[in-house]
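Welcome to this short tour. Open your viewer, get ready to select residues by number, and follow along one stop after another.

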Amino acid sequence: MTSAPASPAHAREAYDVVVVGAGFAGMYMLHRLRGLGFSARVYEQGGGVGGTWYWNRYPGARCDVESMQYSYSFSEQLQQEWDWSERYAPQAEILKYANHVADRFDLRRDIQFDTRVERAVFDERAKRWSVTTSGGETVQAQFVVLATGCLSNARKPDIKGLENFEGPVYHTGNWPHEEVDFTGLRVGLIGTGSSGIQSAPVIAGQAKHLTVFQRTANFSIPARNAALSAEERDAFRNNYPEIRRFAREVARNGIYAEQPDRGALDDSEDVRRGKYAGRWERGGLTFMYAYNNLGLDRTANDTAADYVRGKIAEIVRDPATAKLLQPNSHPIGTKRICIDTDYFATFNRPNVSLVDIKTNPIEEITANAVRVAGQDHEVDALVLATGFDAMTGSVAKIDIHGRGGRTLNQKWAEGPKTYLGLMSAGFPNLFIITGPGSPSVLSNMIVSIEQHVDWIADCLVHMRKDGLATMEAGGEAEDKWVAHVNEVAAGTLYPQANSWYMGANIPGKPRIFMPYIGGVGVYRRICDEVAAKGYEGFLIERAEQPQAAAS
Ligand code: NA7
């Protein structure tokens, strides 16, 4: 058994629960734990709360789920009082909301900022975790909850010569806190996922010239963002009980929206085009709810993809640029669909150019240029919108030792294995919020976060009541769950894309479809049934003697 180095000054510090991360998951977890009388310490590597919204400060950053739904539901007063200004709130406003929640529920006193959790070691004899931070502090805890986020490990691409570039290099996922001014500069933007697509129009409006380096063309739907009127806010607020119920129990992805009742091929071409046109005009993620089989049937999917390709050709004046911007490598929706404001129209600006780096990958970055096919594209600043080591990246950065000293990274070397996305066999009392194997990134994250936090909170109460020392995923239940997650994914078009859902954006990462695609409502019922059957599939160890009362 490995034991963690202990700093004598802090060696006696002990908590019921250590929570890693103070994003939306960590904050709500802390709130629930406190309310239940558990002692808890939250460690957060950033200087403030907000997680994703703390780091992703790039120009144009917004959530792709509407604000009235991308918000906590646990406090009726909070959801009635907070005024979202726009249909899709900008990053700064979401961060302000996170800070408001931290103040309103007095969370900060139990959060230690600017502190990473470096290592967590399970002591099998004491049945406790030893958690070591970047500050050299070691604390003991019965439980550890990883609220580390799915998209929080920004990835710098391995491009030859990047370190030789003499101008500033920014990553959208780790943007400076000070304002970045691109006025008068030639900017190179690498990456055309959601972050690149949101930032390109804003950067183009400021910079002297913007060159977008595109590896994979992406599907994007207009956001149709607009200010929210008091009436619109009230319409949501008055209907919140139903909206929240529907999002939790019925919607596949945790978003209240009308559900399609037919497949794309059940309508004539005219009717279908009319439906797509209506969705395009309305804007937003619900474009994909035009029909109920767009994620399942390639022919059906093609009708939606063709419609979007047609819109790109209509918007972009230069036919060669339009052609390059039309996605052809994956079914629509199998990579996270993007929501934009004027992205395609940005390529009509005289100060914007598009460079195809699929046909000719970037050869090298020099002191002042990006070299593609022997041509130097001179730039003064570089923006990397190259994404994240998604879902497992932030967990993998922590040196976690479970039973027998085995690390989580060793166990997950062939891909993440969990039971319900909540726990991994061999790692007792270690919970993951929105982990791989749960709907997580395929859903409205806040809906999934609240469900996981509530489930974990109930589980801890159950353990305290029954005097249980440890709980962990059983190996058999875990294997079955992993097989189920894969089986459900295999019945869809999703595995056809080289997406970060599959780990395909990270060279060498195992290709496994990580999120659970069975739907938020279905998944919630499964989790509830497991709990109702006495945590079926989990292994439970009783305390040898009565547990020290949890504060
Ligand atoms: P994404 O969606 O992972 O997009 C990253 C983009 O960067 C994508 O276009 C990649 O091309 C491109 N990329 C990645 N590595 C390279 C290299 N080495 N060279 C060239 N281009 C590269 O990340 P985002 O930050 O945009 O969005 C993540 C999620 O955040 C989003 O889905 C929302 O849920 C919010 P590729 O497609 O891999 O060919």
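Predicted model: local features only at pLDDT ≥ 70, side-chain atom pairs only at ≥ 80, totals over all residues.

Phe 24 belongs to helix α1 (residues 24-35), while Tyr 70 sits in the loop between α2 (52-55) and α3 (76-81). The pair links distant parts of the chain, as its partners are 46 residues apart.

Which residues form one aromatic cluster with Phe 24 and Tyr 70? The cluster also takes in Tyr 28, Trp 53, Tyr 72, Phe 74, Trp 82, Trp 84, Tyr 97 and Phe 105. Across the model, the count of aromatic pairs comes to 38.

Another of these pairs is worth a visit, so select Trp 280 and Phe 287. Why does this pair count as edge-to-face? The planes of the two rings stand at 80°, which is over the 60 degrees needed for that label, and their centres are 6.5 Å apart. Are these two residues buried or exposed? Trp 280 counts as buried because its relative accessibility is 4%, under the 20% limit. Phe 287 is buried too, because its value is 0%.

Now for charges over rings. Select Arg 57 and Tyr 54: the charged end of Arg 57 sits over the ring of Tyr 54, 4.9 Å from the ring's centre. Then select Arg 464 and Phe 38. Here Arg 464 lies over the face of Phe 38, at 4.1 Å from the ring centre.

The last stop is the ligand. Select it and show what is around it: 19 residues surround the ligand, and the closest are Thr 192, Ser 195, Arg 215, Thr 216 and Lys 335. Colour this shell by class and you will find 7 nonpolar, 8 polar and 4 charged residues.

Zoom in on some individual contacts. A polar side-chain atom of Ser 195 lies 2.6 Å from an oxygen atom of the ligand. Gly 193 uses its backbone instead, with an N or O atom 3.4 Å from a ligand oxygen. On Arg 155, an N or O atom of the side chain is 3.1 Å from a nitrogen atom of the ligand.

The ligand taken alone exposes 780 Å², and the protein buries 86% of that.

How values were computed: Residues numbered from 1 in each chain as written. Heavy atoms only, no water. Phe/Tyr/Trp six-rings, centres within 6.5 Å; stacked < 30°, edge-to-face > 60°. Helix = DSSP H or I, 4+ residues; strand = E, 2+ residues; numbered from the N terminus. Buried < 20%, exposed > 50% of the residue type's maximum accessible area, 1.4 Å probe, protein only. Lys NZ or Arg CZ within 6 Å of the ring centre and 35° of its normal. Near = heavy atom within 4 Å. Polar contact = N/O pair within 3.5 Å; in protein donor to acceptor, adjacent residues only side chain to side chain. Areas by Shrake-Rupley, 256 points an atom, 1.4 Å probe, with all protein chains shown as cover. Nonpolar A, V, L, I, M, F, W, Y, C, P; charged D, E, K, R; others polar.
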